[in-house]
Amino acid sequence: MNVVVNGEVEAVIGISILDLLLAKGIDPAARGTAVALNDAVLPRARWPERQLAAGDRVEIVRPFQGG
């Protein structure tokens, strides 16, 4: 099934938001990381339980430093 992650279409099969973060090499415990699912912020406590469905739109936001 296809989902959209940060504007890019990706094929996934039966994974949770937490699984998605781990597959992308993102530390889910990192301070400042946030996830929006279908235009609504998804609380961190729900990341392990929320399975992705076809057509879901996920935005992963993380802080970064730079200048």
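Which residue takes a positive phi in the hairpin of E3 and E4? Asn38 does, with a phi near 50°, and two residues lie between the strands of that hairpin. The model is a predicted one, in which local features need pLDDT of at least 70 and side-chain atom pairs count only at pLDDT 80 or more, while totals for chains, interfaces and linings use all residues. Residues are numbered from 1 along each chain as its sequence is written, and side-chain values use heavy atoms, with hydrogens and water left out.

**Overall layout**

- Read from the N terminus, the order of elements is β-β-α-β-β-β.
- The radius of gyration, taken over C-alpha atoms, is 12 Å, close to the 11 Å that the globule rule gives for 67 residues, so the protein is as compact as a globular protein of that length. The globule rule is 2.2 Å times the number of residues to the power 0.38.
- The C-alpha trace spans about 35 × 25 × 20 Å along its principal axes.

**The sheet**

- Five strands form an open sheet with mixed pairing, in the order E2-E1-E5-E3-E4. Strand E2 (8–11) and E4 stand at the edges with a single partner strand each, so one side of each has no neighbour in the sheet.
- Two strands count as paired if DSSP finds at least two bridges between them.
- Strand E3 (residues 34–37) pairs with strand E5 (residues 57–61) over four bridges, in the antiparallel sense. Within this pairing, Val35 stands opposite Ile60.
- E3 is also joined to strand E4 (residues 40–41) by two bridges, and these strands run antiparallel. Here Ala36 has Val41 as its bridge partner, and Leu37 stands opposite Ala40.

**Two asparagines with positive phi**

- Most residues other than glycine have a negative phi.
- Asn6 is not a glycine, yet its phi is positive, at about 50°. Asn6 sits in the loop between strand E1 (2–5) and E2.
- With a relative accessible area of 37%, Asn6 is partly exposed; buried means under 20% relative accessible area, exposed over 50%, and partly exposed in between (1.4 Å probe, protein chains only).
- Asn38 likewise has a positive phi of about 50° without being a glycine, and is placed in the loop between E3 and E4. Its relative accessibility is 29%, which counts as partly exposed.

**Val61**

- Val61 belongs to strand E5.
- Leaving aside residues up to four places away in sequence, Val61 touches Gly32, Thr33 and Ala34; contact means heavy atoms within 4.5 Å.
- Between Val61 and Pro48 there are 13 residues in sequence and 17 Å in space, counted C-alpha to C-alpha.

**Burial, surface and charge**

- Of the 67 residues, 31% count as buried.
- Among contacts between residues at least 6 apart in sequence, 52% join residues at least 24 apart.
- The accessible surface comes to about 4,400 Å², and 55% of that belongs to carbon and sulfur atoms; accessible areas come from the Shrake-Rupley method with a 1.4 Å probe, and for residues only the protein chains shown count as cover.
- The protein has 7 positive and 8 negative charges, whose mean positions are 5 Å apart. Lys and Arg count as positive and Asp and Glu as negative, with His and the chain ends not counted; the place of a charge is NZ of Lys, CZ of Arg, CG of Asp or CD of Glu.
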